[in-house]
Amino acid sequence: MPRFYITTAIDYVNGSPHLGHAYEKVLTDVIARFRRMMGDEVHFLTGVDEHGQKVQASARKRGIPPQQFCDEVSQEFRGLLPRLTITNDDFIRTTEERHKKVVRDILQQLFQKGEIYKSEYKGFYSTRQEQFLQDKDRNPDGSWPEIFGEVTEIVESNYFFKLKQYQDWLVQFLTDNPDFIFPAYRQKQVLEFLKEPLNDLCISRPKERLEWGIPMPFDDGYVTYVWFDALLNYYSAVVDRPEVWREAHHVIGKDILVPPHAVYWPIMLKAAGIPLPKGIIAHGWWLQRGAKMSKSTGNALNPLDLVSEFGADAFRYFLIREMNVGQDSDFTREQFLVRYNSELANNLGNLVNRTLNMTTRFAGGVIPAAEAGDELDANLRALWDKTRDEFIPLCEGHQFHTALERAMVFLTETNAYIEKRAPWKLGKSAEARDQALLRTSLATMAEALRLAVALIQHVIPTSTQKINAVLGYEPGAVWRDELVWGGKLAGRKVAESLVLFPRPTPPAAPAPVPKK
Ligand code: ME8
């Protein structure tokens, strides 16, 4: 069985999870489920990033020890996963000993190999980004961009990781592996970034300034820079399973591609003699009215509110259907409702109810076998073959939004088939030919529904399971076999109805404005 290891970024626990965090989990889950459908043995890791200045500052603000603070907030992040029906196999916290041990071992090894050295550093530091700044980071007018928050000048001795000496190697690696980063234009941006000389990376913080981190194994006056610690989670979680590590794919947001994931991480691995991951998928941002949703700007949507209101499937569907992986998307409730109503309730929901309804009314609740159909049936079958053949490569290429659009076209055409065939008219006729067509149309709509459900089960797993259940159907183990049109439902007894995507209760009418 081919293996596939997939990870999400690990979230900072300095605030509650928001829509951006939820999206990344859902996207990764959709990829993980898809790979399982394709027959891979998947290992799926997610987790939280618990060290560093931001977390220390948030804990201080609450007046509790950082570990207690992390224990609390981590629970919130972990609790989000089942609510979103995420199928992760592991959840890592960077305060766990299994992780800290690997970080210490790798630091020690790099130190002994001479990849880490001590030196005095003088310069500007952004606490918000936990990053030393250079003049090239300034605005044209000399000020610091807002994303850095408060910037202070500091002088201190620190440990440095020899990044610079790997620059040429990294350029060569990216040139030799043009598909390392998805989307491809992001890989080009990394190569652009690498046209400027790299500096060695400061990987320690003196304890007087930051206590909340992993102590440097060779000097306990310092803790490890949070990025050096955090990136290693992907590896520390599977340190005893090299066969899993070799198949690693990272899903992250575009803001943490350059330099952490595309520069520091490959070089850290190279220096430590660890094989590189297979690939990095960098998604875009969820925006609200054009601004990035984030904890610090306070425009973050709570994903759980939407899940409570519409269910996990509708939430997952919207995120995957709306976002072209790599690009940004604006989140609006209006757009959410448009997709919910037209695609889930009307298109899919309608087909489910028509199938159950008409099978109950015209066939005593038992799906008939198809008989000779006509051109209408043949066209729908041809559309199915085309839909399936396009759908799989689209998902393999992370074009899930287009894949779902194709699935929706197939559902729309299936509903159109029902309109044209009008089983309710055929049901009134006693002629043998009409009765045969009626049976065929019932068989066809049920089969089309079964197939569409098989196709999109990684996006809306709960609803598709429910649909299979009301069709009296249990899919077989080999997914590709499920995608072949072939009357698998003949003779099944169906349920009478299923409420899948109920109409949302309209918001209360605004109070009338009193007349002056
Ligand atoms: O960066 N839309 O943590 P984080 C889409 N701890 N994705 C978003 C988003 C938005 N509006 N806002 C954030 C960190 N994200 C580090 C990662 S990995 C070794 C360490 C994504 O909590 C963001 O791009 O700030 C990142 O991939 C993830 O959420 C965690 O962000």
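# Burial, contacts and shells

Mentor: Start with helix α2. This is a predicted model. What covers the buried residues of α2 includes β2 and α3 (66–83).

Trainee: Which residues of helix α2 are called buried?

Mentor: Helix α2 spans residues 53–62, and its buried residues are Gln53, Lys54, Val55 and Ala59. The label requires 20 or more other C-beta atoms within 10 Å.

Trainee: What follows α2?

Mentor: Gly63 does, and its phi is positive, near 70°.

Trainee: Why is Lys164 called partly exposed?

Mentor: Count its neighbours. Lys164 has 14 C-beta neighbours inside 10 Å. Buried takes 20 or more, and exposed takes 12 or fewer. The count of 14 falls in between, so Lys164 is partly exposed.

Trainee: Where is Lys164 found?

Mentor: In the loop between β7 (151–161) and α5 (167–176).

Trainee: Which residues does Lys164 touch, not counting residues up to four places away in sequence?

Mentor: Leu198, Asn199 and Asp200. A contact needs C-beta atoms within 7 Å. Leu201 is 37 residues from Lys164 in sequence, with a C-alpha to C-alpha distance of 8.3 Å.

Trainee: What makes Arg138 count as partly exposed?

Mentor: Arg138 has 15 C-beta neighbours inside 10 Å. That value sits between the limits of 12 and 20, so Arg138 counts as partly exposed. Arg138 lies in the loop between β6 (131–133) and β7. Leaving out residues up to four places away in sequence, Arg138 touches Ser143 and Trp144.

Trainee: How far apart in space are Arg138 and Gly63?

Mentor: They are 34 Å apart, C-alpha to C-alpha, and 75 residues apart in sequence.

Trainee: Now the ligand. How many residues surround the ligand, and which are the closest?

Mentor: There are 21, and the closest are Ala9, Gly20, Asp49, Gly253 and Met293. Two or more residues each come from β2 (11–12), α1 (19–37), α7 (226–231) and β13 (248–253). The largest share, 4 residues, is from α1.

Trainee: How many residues of the shell around the ligand are nonpolar, polar and charged?

Mentor: The shell has 11 nonpolar, 5 polar and 5 charged residues. Gly counts as polar here.

Trainee: Which domains does the domain assignment give?

Mentor: Domain 1 (3–313) and domain 2 (332–483). Their C-alpha centres lie 42 Å apart.

Trainee: How many residues of domain 1 are in contact with domain 2?

Mentor: 11 residues of domain 1 contact 11 residues of domain 2. On the domain 1 side, α1 and α12 (312–322) give two or more residues. The largest share of that side, 4 residues, comes from α1. By class, that side has 8 nonpolar, 1 polar and 2 charged residues.

Definitions and conventions. Residues are numbered from 1 along each chain as its sequence is written. This is a predicted model: local features need pLDDT of at least 70, side-chain atom pairs count only at pLDDT 80 or more; totals for chains, interfaces and linings use all residues. A residue is near a molecule or strand if its C-beta atom, placed from the backbone, lies within 6 Å of it. Two residues are in contact if their C-beta atoms, placed from the backbone, lie within 7 Å. Domain bounds come from an automatic or database domain assignment.
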